[in-house]
Amino acid sequence: MNTWIMVGAGGALGALLRYTCIYFLPNSKSIWNGVLVVNLIGCFLMGFLYQYALAHTSTWFRPVVLIGFLGAFTTFSTYIWDISRFWDDTLLLRLMVYFVLSNGGGVILFILGRYLMQLIQSKPL
C-alpha cells in the first residue's frame with residue numbers, strides 16, 4: 001500500500017479519536033481539559049508504541065500508527081518524540097534549542113498571529 005495512503009488512513013482515525021475524546025471530556029478553563037488529557041495520553045502512547053516499533057520492523061507500523069494516527073491524535077506527542085530522539089543521541093544543546101524555539105517561539109508566534117488578525121479585523125478593507 002502507498003505510504004501516503006497509510007499515513008492518511010492513520011491520520012483520519014487519529015483525528016476522529018481526538019475529536020471524540022475532546023467532545024466527551026470536559027472542556028473548561030481549568031487545567032484538566034480534553035486537550036490536555038489527549039496530549040498526555042498521546043505522549044504515553046508515542047513512547048510505548050515507539051519502543052515497540054524499535055523492536056519490530058514493519059513497513060506499515062510507523063507510517064500508520066506513529067506518524068498518521070498519533071500525529072493526528074496529538075501533534076504534541078510527535079514533538080515529544082523529536083525531543084526524545086535528541087536526548088537518545090545525546091544532542092543536548094540541540095534539544096534545548098528545539099525546546100526553547102518550539103515553546104517560546106510557538107507562544108510568541110501565536111500571540112503575534114492573534115494580534116495581526118485583530119489589526120486586520122479592526123480595519124475595513
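My notes below go from a helix pair to cysteines and then to two further residues.

**Ground rules.** I am working from a predicted model, in which local features need pLDDT of at least 70 and side-chain atom pairs count only at pLDDT 80 or more, while totals for chains, interfaces and linings use all residues. Residues are numbered from 1 along each chain as its sequence is written, and side-chain values use heavy atoms, with hydrogens and water left out.

**Helix pair.** I looked up α2 (residues 34-55) and α3 (residues 61-73), and found that their axes come within 10 Å and cross at roughly 170°. This makes α2 roughly antiparallel to α3, a label given to angles over 145 degrees, whereas under 35 counts as roughly parallel, 65 to 115 as roughly perpendicular and the rest as oblique. The axes are lines fitted to C-alpha atoms, for helices over the stretch in contact, with angles running from 0 to 180 degrees between N-to-C directions; the helices themselves are DSSP runs (H or I, at least four residues), numbered from the N terminus.

Taking contact as heavy atoms within 4.5 Å, I noted that residues of α2 including Val 38, Ile 41, Leu 45 and Leu 49 meet residues of α3, among them Phe 61, Val 65, Leu 66 and Phe 73. The residues of this contact divide into 14 nonpolar, one polar and one charged.

**Helix α3 itself.** I noted that α3 has 13 residues, yet its end C-alpha atoms are only 16 Å apart, short of the 18 Å that a straight helix would reach at 1.5 Å a residue; the expected span is 1.5 Å times one less than the number of residues. Its buried residues (under 20% relative accessible area, with exposed over 50% and partly exposed in between, 1.4 Å probe, protein chains only) include Pro 63, Val 64 and Gly 68, and the buried residues of α3 pack against α1 (3-24), α2 and α4 (75-88).

**Cysteines.** I searched the whole structure for disulfides, meaning cysteine sulfur pairs within 2.5 Å, and the search finds zero. The sulfur of Cys 43 is 14 Å from the closest cysteine sulfur, in Cys 21, and is therefore too far for a bond. Cys 21 is partly exposed at 21%, while Cys 43 counts as buried at 18%.

**Two single residues.** I found Asn 39 in helix α2, where it counts as buried at 16% relative accessibility; leaving out residues up to four places away in sequence, Asn 39 touches Arg 18, Thr 74 and Phe 76. Thr 90 is in the loop between α4 and α5 (92-122), is exposed at 61%, and has a positive phi near 50° although it is not glycine.

Notes. Helices (H or I, at least four residues) and strands (E, at least two) are DSSP runs, numbered from the N terminus. Ala, Val, Leu, Ile, Met, Phe, Trp, Tyr, Cys and Pro count as nonpolar, Asp, Glu, Lys and Arg as charged, and the others, Gly among them, as polar.
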